[in-house]
Amino acid sequence: SSNPASTMGMKYLGAYLMAVIGGKEAPTADDVKQILEAGGIECEQELLDKLIERMAGKQAHELIVEGYGKFAACGGGGGGGGGG
């Protein structure tokens, strides 16, 4: 079954990856927010900040190779710390 927080996290991750494809090696929160808003998605700053924090210092292509895309499903809910 689909979890709304997971779905939202994947939208944010998708927007992040679109920014990478668009030439931003390390997209900022503003970059991701612009993409989300262009797609008609209201942006929640807390989720956006969590995504940027988790992506800090990481290369998107490395995460994809590692199957790390699943990490977005961990964020967005209360008390969801630490898993890995």
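**Exercise 1. Find which residues of helix α2 (residues 29–38) are buried, and say how they sit around the axis.**

Step 1. Begin with the term: buried means under 20% relative accessible area, exposed over 50%, and partly exposed in between (1.4 Å probe, protein chains only). Helices (H or I, at least four residues) and strands (E, at least two) are DSSP runs, numbered from the N terminus.

Step 2. In α2, the buried residues are Ala-29, Asp-31, Val-32 and Leu-36. They lie on the same side of α2, because they cover an arc of only 165° around the axis. That arc is taken from the directions from the helix axis to the C-beta atoms.

Step 3. Now turn to the face pointing away from the buried side: Asp-30, Gln-34 and Ala-38 are the exposed residues there.

Before we go on, a word on the model: it is predicted, so local features need pLDDT of at least 70 and side-chain atom pairs count only at pLDDT 80 or more, while totals for chains, interfaces and linings use all residues. Residues are numbered from 1 along each chain as its sequence is written, and side-chain values use heavy atoms, with hydrogens and water left out.

**Exercise 2. Describe the whole chain: how many helices and strands does it have, and what percentage of its residues is buried?**

Step 1. There are 4 helices and 0 strands, which follow one another as α-α-α-α along the sequence.

Step 2. Of the 84 residues in the chain, 27% are buried.

**Exercise 3. Which side chains meet in a salt bridge, and is each partner buried or partly exposed?**

Step 1. A salt bridge is a side-chain nitrogen of Lys or Arg within 4 Å of a carboxyl oxygen of Asp or Glu. The structure holds 1 of them.

Step 2. Lys-24 and Asp-31 are the partners, at 3.6 Å from N to O.

Step 3. Lys-24 has a relative accessible area of 41%, so it is partly exposed. Asp-31 is buried, because its relative accessibility is 15%.

**Exercise 4. Look at helix α3 (residues 45–55). Which of its residues are buried, and which exposed residues does the opposite face carry?**

Step 1. Leu-47, Leu-48, Leu-51 and Met-55 are buried in α3. They are on the same side of α3, because their arc around the axis is only 100°.

Step 2. Glu-46 and Glu-53 are exposed on the face turned away from that buried side.

Step 3. Ile-52 also belongs to α3; with 23% relative accessibility it counts as partly exposed.
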